[in-house]
Amino acid sequence: MTQPGPQTPQEPQMQSESRVRPGALDENTQQELIQQIGRVLVQALPPGWQEVGVEYRAVGAHSELTAQLTAPNGTLIPWAPPEETAPMFDRLRIGMHQPDRGTWISALYRLQRPGSYSVDFNGDHEPAWHTPPPTAEFAAELRTMPRAGENIPAWMAERAGLSAPSGSAAQDGNPRPAEAFDGAGEAGRQAIDNPPA
């Protein structure tokens, strides 16, 4: 990631304003948005940070944003990321929807000093929710971000009130990587890695 330059402060977007048409972001726009999220995070980090991990989890209209910093001595410290990053993650999630494949349920964005970053996208495994989403949000997810039956993980089908589809993505335990990403990250999840520029 390039070192962030001066940026005009932006008003935080409301969730409805961040909505884009599913699948509307091409690869270049996705990369620009990923880098924009990084710039917003870096500008808000306290002095002396070494690494930060930000996780965005979402299904339907339910979303969660958590983060923790690694201090110079290696201590992990909970951190509240800027509120404006949640609508940016939401826009990225919706814009990355693929017909029949759906979109990711969680993304882990890691920044390391001085300016490298990686993003790990998870579209198949249930994340560790801080607050369990209402059941209706799983059905809403499948209505607004449709997936072919074989790409609906068994856990999602169950929570949405569907019978588990045969050959679902979670039954074989192997997420299917998309070509738009640099490769597989932890647990075989889609990942984007960028060294310092």
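What follows treats a helix pair and then the aromatic rings.

This is a predicted model, in which local features need pLDDT of at least 70 and side-chain atom pairs count only at pLDDT 80 or more, while totals for chains, interfaces and linings use all residues. Residues are numbered from 1 along each chain as its sequence is written, and side-chain values use heavy atoms, with hydrogens and water left out.

Helix H2 (residues 27-44) and helix H3 (residues 85-95) have axes that come within 10 Å and cross at roughly 165 degrees, which makes H2 roughly antiparallel to H3 (a term for angles over 145 degrees). Gln30, Leu33, Ile34, Gln36, Ile37, Val40 and Leu41 of H2 make the contact with Thr85, Met88, Phe89, Arg91, Leu92 and Gly95 of H3, where contact means heavy atoms within 4.5 Å.

The structure also holds six aromatic pairs, a pair being rings of Phe, Tyr or Trp (its six-membered ring) with centres within 6.5 Å. One of them joins Trp104 and Phe121, with 5.4 Å centre to centre and 50 degrees between the planes; this pair is tilted, as planes neither under 30 degrees apart (stacked) nor over 60 (edge-to-face) are called. Because Trp104 lies in the loop between H3 and strand S4 (106-112) and Phe121 in strand S5 (residues 116-122), the pair ties together parts that are 17 residues apart in sequence. Both Trp104 and Phe121 are buried, that is, under 20% relative accessible area with a 1.4 Å probe and protein chains only.

Tyr56, Phe89, Trp104, Tyr109, Tyr117 and Phe121 form one aromatic cluster.

Notes:
Axes are lines fitted to C-alpha atoms, for helices over the stretch in contact, and angles run from 0 to 180 degrees between N-to-C directions. Helices (H or I, at least four residues) and strands (E, at least two) are DSSP runs, numbered from the N terminus. Angles under 35 degrees count as roughly parallel, over 145 as roughly antiparallel, 65 to 115 as roughly perpendicular and the rest as oblique. Buried means under 20% relative accessible area, exposed over 50%, partly exposed in between (1.4 Å probe, protein chains only).
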